[in-house]
Amino acid sequence: MSDPLLEVDDLRVQFHTEDGVVRAVDGVSFTVDQGEVVAIVGESGSGKTVTAMTLMGLTRGPNANFEGSAKFDGTDLVTAPEDELRQIRGAGIAMVFQDPMSSLDPVYKIGKQIVEQIRVHNKNISKAQAHDRAIELLERVGIPRATERVDAYPHEFSGGMRQRVMIAMALSNDPKLLIADEPTTALDVTIQAQILDEVRQLRRQQESGIILVTHDLGVVADIADRVVVMYAGRVVEQGTLDEIFYDPQHPYTWGLLGSITRVDRDRSQRLLAIPGMPPSLLRPPEGCHFRPRCPFAFEKCTEVPPLTARLPDTADHLDRCWLEVPQKRELRKRGDQIGLRTKETVIS
Amino acid sequence: MTATASTGTEFSDEFASAGFGEGDQVPAGLGPWRLAWRRLRRNKTALFFGGVFILILVLCLLAPVYSHSVAHISPAAENIAGQGNNCPPTCVSVTGIPIGPTWTSSYFFGADRNGRDVAVRLLYGGRNSLEIGFVATLITMFFAIILGVLSGYFRGILDGVINRALDVIWAFPAVLLGVALGATLAVSGILFLHGTSLLVPAVVIGIVYIPYVAKPIRGQVLVLREREFIDAARQQGLSSWRIMFTEVMPNLASTIIVFVPLILANAILLEAALTYLGAGVQPPNPSWGTMISDGIAQLPAAFHDVLVPGIMLVLTVLSINIFGDGLRDALDPRAKVRIAR
Amino acid sequence: MTRFIVRRLIAMIGVMFVISLLTFLLFESIPNGDPARRLAGRLATANEIAFIRKEYGFDQPIYVQYARMMKNIFTGQVYSYYQGFNVVDEVKLGLPATLSLAIGAGIIWLFTSIVVGTLAAVKAGKNTDRLLTVLSMVGVSFPPFFLGAILIYYLGYKLNWFPLGGYVKLTSDPWQWFVHMVLPWFTLSVLFIGFYSRVLRSTILDTINEDYVRTARAKGLSENQTLRRHVLRNSLIPIITLFGLDFAQVIGGGAILTESIFNLHGIGQLAADAIGRLDITVILVVVLLTAFFVVALAAVVDILYAFLDPRIRIAV
């Protein structure tokens, strides 16, 4: 087993605002291996995007504080100096963002924007060579008539095409790690499927690691190998895809799973939303962050549950819940599915 | 050069507004006005200059007090020979050069060409300049809001006509337009106002600035009317007028508030400019504009006659501008840089 | 491209027609005294006045008068009713001063605004920004004639570094032309720099938060490169439009205050005097000149805009 590509250890990110200190990321640890797709799942405000951006160093600023480490290829991304990080950005680690409509500069041709990324990391490549490589990349992500389209402007492409351009651009320097932040959220479902196919192919071809940040469990089920579930700045559960979907250990995960719309579900059953609202990250709840919304909370929950493996035979399936394992397996049932019960239906 | 000041705060905005307390109570959040007020209160510079402006305003309002009790001379008293005053020995020299600042209660800033007390005139002139500024601003805002809202909300021919008219006024340099209107109205007066009334320049300036406010308001109304809450109101059966008043106007409120200091500052400047060109305040009414003009006519002698009213004018306009800027920063929900330590 | 130019030319003719007509009608409706009497002079007899009225066509219907006026203007044979001079000649005399002022100041204010605005944006929130902001504020709070007076007094009268006013033709003495223009350039620029640098700062701060700037950083570009290639390029676009309009206005007499305090005898002074005296012929010519420049510059700005922003190229 080779060394992991990325090793994030107890990452914490805080922002100083007018209203106080926001603990956007409060203890996140996970690893990404070569050729592996790790999905980071959570609601808006869970800290998943901040985590992804921090890996690239894009959250650095006068108001930001960091703790913990994120080791990539011998460098700690959290503490590395800006120059070093800049060399990694766009080359060792590349990122694809959420909204393709606004992520490309409208005044430059897309070819030029891809060439820019290539040449900023390798001045020895001539413009012509870089241009050819851009065409090659566009072809690889499935853009038709690449030799013509390389000279087109972003506004001449549809959303799905633009996202492919973004992916092509991200791949231009053969990154070892690709981070995709909600790459399909802004696109419609059919395009989403195509983009996911691209990502799948990528993983096969490149052996690079992929971090997929998303709130859509459907997408996760499609291509993830491992899943990291985040809530209110913390990882609340992580494990392989099967472990998470078939043996989830945290009430929040149950809630997420229960709220997926499923074709095979009985129509008369209502869609289960998780009641309540995500907590403020300025004054988070004491102990377990999910406590206020959890129907099963008890006294111990005012202590922060550590992220550990509580199952005897799977050392990598970690969770943050004080409940006993057998209890969990009982409580997560809602009828014949997995879901989060509401407080009224719980017998305490 | 780093411009990363904003990459951190965009996340904190998202998180700070993501709920309060433990999450299972509905929060009594701060409304946008209270938030804006808080932001304004923290802007020491804006508050300081706001204070300066208030100070100037008060001083000018107290002009009669100063004239009567401190300087013991009226603003129009021409005192070339300097009888009974602190002018050693005369207030205006034989060669026609008035004395400079004495820094005493009498003729604090010196005298002007006619032997008048500059300090006293400064305050009286300030009253006039500020009065014109306020009236002009009132006129501009009143008509701009009406025209902007009517034009933007009803569209169609009404919009076409109003918009074209606004464009025509707007295309002319403000000063030239002001001169045109000012020169005409100074002679003929307008409605019930006599040509030499102070309100004439106020009306002129008020009209000149209407397009600068009406067009942005119209633009905002155009955007607002397409928004869902207008549809919702219409669905409820509210009449157009009712919708305009209860839904559209409050949203325009912050835009309007931001424009007021801007127009006021420009109005005061325009008054000085028009007076300098002869199309603004007519003699013998004092204003900062007339004082600067008279002073310039004497150049290169007696520079204090130019400097004193000029600095007062700049200070006043500057204070309004800085405060207005602070106001804009406080009201702008997308305030880009909010460093908090 | 040719279609664009043709369309703009037609628009220009249209605009000039409408504006001249409106101005003409506006002045006809103002009671400013009988032009025939004014032309004839104070001691004229009734016969002389009647003769002039017939000669100049003041007894003709409005549209005939208008047509005649336009013809006169375009053949260069139009005269001021109050001073008797040939308006087109006077305008030709005043144009070099105004153009020198406008072009020189324009270049200075455009470049300085870009530098100041960018610097203020990049150092946003820090002391440099605060200082630049205050300076910009001071710039827009100074009436040009006051600033001009201060400069003339201290740098001209007291220190003798600069002349006290007036205009020297570029062709007759380039150095003196330059020396005479320095203070006017500075005075006019200060006002615009104050305004433009603030607008640019605000635009840059908006642009910096755009997604594509984040992408640029994620690609590995340095802050400098991101700024130059992506932020500035996009931020300058709205500035160009503003600049076009302001520049056209300055040529059309918008710089009256600066021209006046420095005695440059340009179009601005011509315009202001004429407006004050309600001298219709001069006003008409100046208005037409301004309209011409505004439309021409608007066209140039549009072309530039299309060049800078590929999203709108279809229209050109």
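Helices here are DSSP runs of H or I with at least four residues, numbered from the N terminus. By that rule, Gln163(A) is found in helix H6 of chain A, residues 159-171. The model is a predicted one.

**Chain A**

Gln163(A) has a relative accessibility of 0% and so counts as buried. Leaving aside residues up to four places away in sequence, Gln163(A) touches Val96(A), Phe97(A), Gln98(A), Pro100(A), Pro183(A), Leu187(A) and Ile195(A).

Chain A also holds an open sheet of four strands, in the order S2-S1-S4-S5, with antiparallel pairing. Strand S2 (20-32) and strand S5 (75-76) of chain A are the edge strands, each pairing on one side only. Strand S1 (residues 6-17) and strand S4 (residues 64-72) of chain A run antiparallel and are joined by eight bridges. In one of these pairings, Leu6(A) has Phe72(A) of S4(A) as its bridge partner.

**Chain B**

Chain B has 12 helices and zero strands. Of its 341 residues, 50% are buried. Among contacts in chain B with a separation of 6 or more, 71% come from residues 24 or more positions apart.

Ile311(B) is found in helix H12 (residues 304-331) of chain B. Its relative accessibility is 47%, so Ile311(B) counts as partly exposed. Ile311(B) and Ile292(B) are 19 residues apart in sequence, and their C-alpha atoms are 10.0 Å apart in space.

**Salt bridges**

Side chains of opposite charge can pair when their charged atoms come close. Over all chains, a search of the whole structure finds 27 salt bridges.

| Pair | N to O distance | Accessibility |
|---|---|---|
| Arg12(A) and Asp10(A) | 3.1 Å | Arg12(A) 25%, Asp10(A) 32%; each partly exposed |
| Arg332(A) and Asp247(A) | 2.8 Å | Both buried |
| Asp325(B) and Arg198(C) | 2.6 Å | Both buried |

The Arg12(A) and Asp10(A) pair belongs to a network of salt bridges that links Asp10(A), Arg12(A), Asp26(A) and Arg234(A).

The side chains of Arg332(A) and Asp247(A) also meet in a salt bridge. Arg332(A) lies in the loop between helix H11 (325-331) and strand S13 (333-334) of chain A, and Asp247(A) in the loop between helix H9 (241-246) and helix H10 (251-258) of chain A, so the pair ties together parts that are 85 residues apart in sequence.

**Interface of chains B and C**

In this interface, 43 residues of chain C are in contact with 42 residues of chain B. The two chains bury about 3,800 Å² between them, and 75% of that area is on carbon and sulfur atoms. Ser141(C), Phe145(C) and Phe146(C) supply 15% of the area that chain C buries against chain B, more than any other three residues.

Polar links across the interface come to one salt bridge and three residue pairs in polar contact, with both residues at pLDDT 80 or more. On the side of chain C that touches chain B, the elements giving two or more residues are helices H6 (127-141), H7 (144-158), H8 (174-208), H10 (223-254), H11 (256-261) and H12 (267-277) of chain C. H10(C) gives the most, with eight residues. By class, this side of chain C has 27 nonpolar, 11 polar and five charged residues.

Conventions: Residues numbered from 1 in each chain as written. Chains lettered and ligands numbered in written order. Predicted model: local features only at pLDDT ≥ 70, side-chain atom pairs only at ≥ 80, totals over all residues. Heavy atoms only, no water. Contact = heavy atoms within 4.5 Å. Buried area = accessible area lost by both parts, 1.4 Å probe. Salt bridge = Lys/Arg side-chain N within 4 Å of Asp/Glu carboxyl O. Polar contact = N/O pair within 3.5 Å; in protein donor to acceptor, adjacent residues only side chain to side chain. Nonpolar A, V, L, I, M, F, W, Y, C, P; charged D, E, K, R; others polar. Buried < 20%, exposed > 50% of the residue type's maximum accessible area, 1.4 Å probe, protein only. Pairing = 2+ DSSP bridges.
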